[in-house]
Amino acid sequence: MKQYINDNGEIWDGKPITVGEYTYMAPSEDILALAGYHEYVAPEPTQEELLAMAKEDALMRIGDHDQSEAVNQFYLGGVPMWLDAPTRQQLRISIEAYQATGAETVTKWFEGQQFTFPTSAWLQMLNALEVYAAEALNVTEEHKAAVMAMDNVEAVEAYDITAGYPQKLNLTTEWLRSHT
């Protein structure tokens with residue numbers, strides 16, 4: 001939709017225009033011109049503005065990738081899942097409580113499946129998952145810093161925001177049972 005601006009920098013807001021003795025409810029371009037308005041044409045963005053927009057877009061894509069299953073996923077006994085930081089913390093507290101009461105195994109349900117492992121295996125899983133999450137976050141932050149340090153749009157647009165992430169964990173039931 002076209003916008004119209006006058007020499008004072010005021011943008012016409014779509015309200016009726018009075019020119020001379022007449023008020024126009026839906027003024028034509030000719031009437032708007034008589035009232036001192038002309039079509040507003042946005043200036044071309046500067047190289048700095050283009051670079052800032054490219055960086056903003058890249059940072060948004062990095063954030064989206066960081067929150068996607070491409071990063072936030074691991075496999076437990078072949079079942080794909082993710083445990084966010086608060087869930088990992090709560091699970092650790094629960095497992096440690098079981099362990100403190102002398103329980104040797106714990107059963108938990110994820111994605112509709114039952115998993116029963118020794119308490120020490122659960123803790124090893126949480127340790128491995130915590131390290132994976134920390135390493136993935138480091139890559140995300142490295143990508144953000146790299147993008148912010150770039151000085152041209154082409155480099156920002158060509159930057160591979162998916163590179164360098166650690167391989168997803170594939171915790172088999174055998175792996176868990178062997179880490180007791």
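Predicted model: local features only at pLDDT ≥ 70, side-chain atom pairs only at ≥ 80, totals over all residues.
A residue counts as buried when its relative accessible area is under 20%. By that cut-off T119 is buried, because its relative accessible area is 5%.

**T119 and its surroundings**
- You will find T119 in helix α4, which covers residues 119–149.
- The side chain of T119 makes a polar contact of 3.4 Å with the side chain of Q99.
- Leaving aside residues up to four places away in sequence, T119 touches I95, Y98, Q99, A103, E104, T105 and V106.

**E111 in its loop**
- E111 sits in the loop between β7 (105–110) and β8 (113–118).
- Its relative accessibility is 60%, so E111 counts as exposed.
- The phi of E111 is near 50°, a positive value in a residue other than glycine.
- Most residues other than glycine have a negative phi.

**Aromatic pairs**
- Searching the whole structure turns up seven aromatic pairs.
- One of them joins F74 and W82 edge-to-face, with 6.4 Å from centre to centre and 70° between the planes.
- In that pair, F74 is buried at 0% relative accessibility, whereas W82 is partly exposed at 26%.
- The F110 and F115 rings have centres 6.1 Å apart and planes at 45°, so this pair is tilted.
- F110 is buried at 12% relative accessibility, and F115 is buried as well, at 6%.
- F110 and F115 also belong to a cluster, linked through ring pairs, with F117 and W122.

Conventions: Residues numbered from 1 in each chain as written. Heavy atoms only, no water. Helix = DSSP H or I, 4+ residues; strand = E, 2+ residues; numbered from the N terminus. Buried < 20%, exposed > 50% of the residue type's maximum accessible area, 1.4 Å probe, protein only. Polar contact = N/O pair within 3.5 Å; in protein donor to acceptor, adjacent residues only side chain to side chain. Contact = heavy atoms within 4.5 Å. Phe/Tyr/Trp six-rings, centres within 6.5 Å; stacked < 30°, edge-to-face > 60°.
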